Every structure is written in structure tokens, then in C-alpha cells.
Amino acid sequence: MTNNHLSFKEKYSYGLGAIGKDMCCGIIFTYCMLYFTDVLKISTAFVGTLFFVAKFWDAVNDLAMGMIVDNTHTKWGKFRPWLLIGTLINSVVLVCLFTNWGLEGTSLYIFAAVMYVLWGMTYTIMDIPYWSMLPNLTSDPEERDRIAVIPRIFASIGGSLIIGGFGLQIMDFLGKGNAQDGFTRFAWLIAVVFIVTTIITVLNVKSADRTETKKQEKISFKQMLQVIKKNDQLLIAIAVILTFNFAMNCVTGAQTYYFIYVTGEKGLFSIFTMFAGFAEIFGLIIFPKLAQRMSKKTVYGLASGIPVIGLVILFLTGLFLPKNYILTAISGIFIKLGSGLQLGVVTVVLADVVEYGEYKLGTRNESVIFSIQTLLVKFAGALGALFTGIALDLTGYVPDAVQSMATINGIRIIMIGLPIVFVILSFIIYKKCYKLNTQYMTRIMNILSLKREEENQVIN
């Protein structure tokens, strides 16, 4: 059985691991497309297509990794070995991806494709076991709500605040005017932070590996697909996460182009992402309090409604006051405050789906379920990149030049129009289809607790 209350050291050692992890994925999701198109001068259509097609391999790779983790049994547990192995390999791939190897033409395109796919594969090795630890840290729903936001807060500090808010300035400083050197040195810095924070997690978070009352039978790929198919609330969670993440990844993928070429004020990018990063962290901080005072459905309504308001503000600001720093900051705050609340909700939702799956199907497959989260995050990012790449290519985008009105409007649609539509769609799906409310989950947890006690008595 899990401990109902974790120590301060264990909670924050777990959370700290998300800083390096999300700095690593943050540079990929925020700047990789810009690096490929504006530094390496690779075609925008090729980059967008590459990001999208790679996710079909990830669909197999991520689910397979979830199955591998669930089938792992070592004296160090099933999560921590893969967490460390994945971090070390992914750090090497990250540095290689952002290093100039002097390639041109076809060889450069092949290199970019191979390294991007390798990055996704190796990131999966550590990301799935990291999030799979969460439902095993405690069986107390209220304690889980409190713990769930801790890694999300650290993830926002790493991915949204450090990478998004200060990434361009850090790379300008490290590169001393050379964009390639800035990217390479920043990748090295991220790799070091990534490895150090993961080691802290691996050494200090051990509760998740003491949860099994009996050794589960190994799960096959066919059985894994059945777990996904038969868990109706998992399917709803997939739809909710995919639609919202697609919306936010459209913003993330297009924001550098938007502020450089649409507003014509590169400095607005840092203002937008910095205030957005703080707002996302604040949203995560207040989530447990809101979850105590209102239903998760109401919280999800706020998480969806607030970003729509922010996107409308951003659109109007871009039309009438494109260089206004205050309104740009406000729009970023609204967009990411809602995103922070949404991250809090879906983290708890996935943990609840694990318990629901055990209750309904009799098997506990946390790594399979959380592998889907990893897949959805990457797939949503790839969709955002695909739409951005196609829009830029079809509208005649030219790197480092004044853009046509068609290109500017294409960027606006990706940055603002599509996110509004898909955030609203995500809320509609959650409101109409998700049924794991507090009362139902309390009943499920009580039943599972009794079942585990019976199993312990049989073993003893």
C-alpha cells in the first residue's frame, strides 16, 4: 500500500525532477522549429511534416514503453531505473540535435529527421516512468490533489518560465550574437540541469516502488490495447487532453513567429512568455484550493474560459496596439492561468483513471495510462507544428524578412483562431462525458482499499 502522506523531502524531490525534464522538452516544443527553419534553413513544410509524421512512430514507441515499465521488476523498483537511463540518453541526443555538424542539403535533412525522432524516443524512456510514479505515491485523493500540482509547478518553472520567458535572452548571451552557438551551449546547460534534477528524484523518491501487494502478470501489447479500449474514462481523458494540448501547442509553436513577424517587436515574446509562465505556476498553486471548494468540472470550466478571454485580448491587441507591452502581458497571464488550472485537473484525472481502470478491469496499468499522456503531449505539439509549417509554407514565409499579409494572417489563425476553437471543444467533451467526480472516486478508492486489504491477508 502507498503512504497516505509523503515527507516534504520526497514530495519536493519528486517535483524537482520536472524542472530539467521540462527544460529539455521546452526547448524542443518552443524553439526547435525556429532552429530548424531560421538557423539551419530547413523548409517549413518539411519541418512541420517531420514533426507530425514522427508522432505515428511515437504512437507505438510510447505505448510500448509504458508496457515495458509495467513489466519491469527490479530491486530498485520499476520506475527509477528507466527514469535515470532515459535522462542520460536523452541528454546526449539533445546536445547532438542542437550541435552544428557542418551538414548541408539532403544530409542535413536526414540528420534533422533522425535526431528529432531519436529525441522523442529517448524522452519517452524517462517521461513515462516519471508521471507513472504519481498514482503510486498516495492513495488519499486529497493528498493526491496536493501532490499532483508540485511537479507541474516545477515543470512550469522549467518549461514555461525559464525556457519560454528567458530562453531567447539566455541564448543571445551564451551565443554572443551567434545563434548556432547560443542553441548549442543552451542545450549543454539544459542537459546538465536535466541529469542533476533527475538524480535527486531517483535517490529520494522511493515510495512509488513499494506499492504492489502482489506481483502482476506481464502485460502483452494486445492486452495493453484492450486496457485502453475498455477503459471508457481513459478514452474521454485522451480526447480532453489532446484537444486542449493541441490548442496550447498551437500557441507555443507559433508564438516566436507571431511576435517577431506579426507584431514586429521581438521583445514582446519574452514579456508574453514570462508573464504567462508566472501565471501558469499561480494556476497550479491555487488548483488544490479551488478543487476543495468546487467541483473539478467547474475548475475545468475556468481553465477553458480564461484562456479564451486571453486569446481574444491578444487578437485585439495585435490589430490595434501591436506593440503594447501591458496588454500583451495580460493576454499571456489569462492564457496560461487557465493552462495551469487545466494541468492540475488532468494530472488528477489521469491518476483517477488508473484507479478506475483497476476497479473496472482488475488490473493496475499506470505506466500504460501515463504513456498515453506522453504521446498526447508530443502528438499535440506535432499537430501544432504541422499546421504552423503548412501555413507558413502556403503563405510564402521567408525567414528573416518582412512577411506578406497572407503570412501574417496565417500566423494569426494558428496562434489565436485554432486555440480558441479547440479549448472550447475540450471543455464540451469534459463536461458532457467525464464522470469520475469526487463522490464516485471516493467510492472506488474505498472498494479498492478493501480489496487490497483482503489480498494482503491472503498473502500473509
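How many nonpolar, polar and charged residues does the lining of the second largest cavity have? I will come to that after a word on the model, which is predicted, so that local features need pLDDT of at least 70 and side-chain atom pairs count only at pLDDT 80 or more, while totals for chains, interfaces and linings use all residues. Residues are numbered from 1 along each chain as its sequence is written, and side-chain values use heavy atoms, with hydrogens and water left out.

Let me start with the empty space inside. Rolling a probe the size of a water molecule over the atoms shows where empty space is left. On a 1 Å grid over the protein atoms alone, a cavity is a set of points where a 1.4 Å probe fits but cannot get out, a pocket is an open set with protein on both sides within 12 Å along at least five of seven lines, and lining residues have an atom within 4 Å of a point. Grid points are joined across faces, edges and corners, and a volume is the space filled by probe spheres set on the points.

A search of the whole structure finds 3 cavities of 30 Å³ or more. The second largest cavity holds about 140 Å³ of space, and among its 17 lining residues Ile28, Phe29, Phe51, Gly381 and Ala385 are the closest to its centre. Two or more lining residues come from each of H1, H9 and H13, with H1 giving the largest share, 7 residues; these labels are DSSP runs numbered from the N terminus, where helices (H or I) have at least four residues and strands (E) at least two. To answer the opening question, this lining has 11 nonpolar, 5 polar and 1 charged residues, where Ala, Val, Leu, Ile, Met, Phe, Trp, Tyr, Cys and Pro count as nonpolar, Asp, Glu, Lys and Arg as charged, and the others, Gly among them, as polar.

The largest cavity has about 680 Å³ of space and is lined by 35 residues, with Asp22, Phe29, Ser160, Lys336 and Val377 nearest its centre. H9 gives the most to this lining, with 7 residues, and by class the lining has 12 nonpolar, 16 polar and 7 charged residues.

Axes here are lines fitted to C-alpha atoms, for helices over the stretch in contact, and angles run from 0 to 180 degrees between N-to-C directions. Contact means heavy atoms within 4.5 Å, and the residues of H9 that meet H11 include Val240, Phe244 and Met248. The residues of this contact divide into 11 nonpolar, 2 polar and no charged.

With H10, the axis of H9 comes within 8 Å and crosses at roughly 145°. Val251, Gln255, Thr256 and Phe259 of H9 make this contact with Leu268, Phe269, Phe272 and Thr273 of H10, and these residues divide into 5 nonpolar, 3 polar and no charged.
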